[in-house]
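Biologist: I would like to learn how to read a protein model, one feature at a time. Could you walk me through one?

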Amino acid sequence: MSMASGSPGIALGGIEKWYGTRDEPVHALAPTDLTVADGELLVLLGPSGCGKTTLLRMIGGLIEPTAGSMSIMGRDLWRSGQRQSETLADLGMVFQDANLFPWLTIEDNIALPLELKGVGKAERRERAHALMRLVGIAGFERRWPRELSGGMRQRAAIARALSYDPKILLMDEPFGALDAMTRDAMNLELQRLFMETAKTIVLVTHSIAEAVFLADRIVLLSPRPGRIDRIVDVPFARPRDLTLQASPEFQEIALSLRARLAEIG
Amino acid sequence: MAEKANEPPVMKAAGFKRETILPWITTPLLLALLVTVWSVYVRSSGVSPFILPAPGAVFDEWLGMLQSRRAWGHTGMTIYATLTGFFWAALIGVFLGVAIARIRWLELTLNPFIVATQVIPKVALVPLFIVWFGFGITSKVIVAGVLAFFPVLTNTVLGVKSIDEGHRDVMTSLNATRWQVFRRLELPSALPYILTGFEVGIVLAIIGAIVGEYLGGNTGLGHLLIQSMNAFETSLMFAVLIQMSLIGFAFYFAIGALKRLLIPWHATGAQPR
């Protein structure tokens, strides 16, 4: 990854989050600076309560930070308490649950963002079908979400997030609810998508193996209050395959992360 | 690809077909058994036809009703009162339910009254409605509507409140407008609840209409039932009961058909395939 190319994809300046009441405030995230390069795959890793999901949801515009500045592709996300819609158009979100609407078929779920943006029916369908081929669920266009397996639903959720071609994909433990084998397959799929589409990806996980396998850089967060503990570069060339996990270099990074997590968790 | 695109759908339950056929056999059998026991009992016990007429006599009476313009007039009045009352109950119940679920202060303000009116036996208010709205059709429509209103209201509130937070996150991240959130998320998500409210409401509307007819006026199946009771025409009473039950079934199944049409994706609206 060439980190110096052009303007950063995401730039966070001193963003901070307090939750709760005046009497019992909770400091979810201490003031945090972070820059994500355009075309980088950044993983947020940490124990529960470290603010990694809060941080991701703030980048996605779902939570307004208490203080600090955020710019996405060089544009402000918030301006005087209002989310900026043209900035949001650069962001696609994938959640731990696929969150497909059960009353829409798979293709209509994937095309939902386009429908909200007023794209015509024929174009929506064409785009949805292309995305279904991209994520490997072609043939399930007219199915209901409940008829698909967990892994396939998550593929559909990724396709939905890609439907309006955002520059940045934000993923909140997207494979956390899947079994280990499906998860490995999805990690490979995500790497392929990342290489084919050249998106910037920020992914939250609590799996060290997933973090080291996928990331260009890993941001390790520590709890109470959530803050960045350290940032680890992962130098392996792509495409990476699953045998990488057995290599000494991979093990070394994973073990040092595990040791540090044990200290801060 | 880890998962093949042509694998069979996950949800096709084995033995599903047998489960849908079974009631079509057992229901007629049980009905036949009931009628047989009834018939045998009437013949062997020598019970007076004023207490319990034979099933054959009841059936003849019902066939007679089907050929009587007057009986159809009564049936029509009951259907009219039921549907009109239900229509207003559904309309107001859904709109007020959505408002209550979305506007916190409205819910806090109205909740004590809703609970109170839920607890009051509403049938006890029928004489009051007759005093206010007279012996005509209006009081029946209002009783039917009042009874049908609460299940529609409470189910709508529940439906709007049960909307998945993850689904809301999706709409928020897509920067959906308030109208889009209502039209694309809240309405379809609440629809199964609303239709369940309709299912309960339509049956209560029939009860309301009939109870209204018991107490006042000279139209409707409820009135016909009271009239036959006063005249000791017990077989006519049974025939009216059959007519009422058939109306109830028809409305209930109509809502069921509406469910299959509007929420085919939902388990309760799923078509057997």
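**Reading the model step by step**

Modeller: Gladly! Let us begin at the end of a helix: α8(B) is followed by B:Gly217, whose phi is positive, near 85°. Helices (H or I, at least four residues) and strands (E, at least two) are DSSP runs, numbered from the N terminus. This is a predicted model, where local features need pLDDT of at least 70, side-chain atom pairs count only at pLDDT 80 or more, and totals for chains, interfaces and linings use all residues. Residues are numbered from 1 along each chain as its sequence is written, while chains are lettered from A and ligands numbered from 1 in the order in which they are written.

Biologist: Where does α8(B) bend?

Modeller: A bend at a residue is the angle between axes fitted to the seven residues ending there and the seven starting there. In α8(B), the bend is about 45° at B:Leu191, and the proline B:Pro192 follows within four residues.

Biologist: Which residues of helix α5 of chain B are buried?

Modeller: First, the general idea: an α-helix has 3.6 residues a turn, so residues three or four places apart point the same way. A residue is buried if 20 or more other C-beta atoms lie within 10 Å of its own, exposed if 12 or fewer, and partly exposed in between, with C-beta atoms placed from the backbone. In α5 (residues 126-133) of chain B, the buried residues are B:Val126, B:Phe129 and B:Ile130. They cover an arc of only 100° around the axis (taken from the directions from the helix axis to the C-beta atoms), which puts them on the same side of α5(B).

Biologist: Which residues are exposed on the other side of α5(B)?

Modeller: There you find B:Pro127, B:Leu128, B:Val131 and B:Trp132. Just after α5(B), B:Gly134 takes a positive phi of about 85°.

Biologist: Why does A:Val219 count as buried?

Modeller: A:Val219 counts as buried because it has 23 C-beta neighbours inside 10 Å. You can find A:Val219 in strand β11 (residues 217-222) of chain A. A:Leu45 is 174 residues from A:Val219 in sequence, yet the two are 6.0 Å apart in space, C-alpha to C-alpha.

Biologist: And how are strands arranged in a sheet?

Modeller: Strands of a sheet pair through backbone hydrogen bonds, either parallel or antiparallel. Two strands pair if DSSP finds at least two bridges between them. Chain A has an open sheet of 4 strands in the order β2-β1-β4-β5, with antiparallel pairing. Its edge strands, β2 (25-36) and β5 (75-76) of chain A, each pair on one side only.
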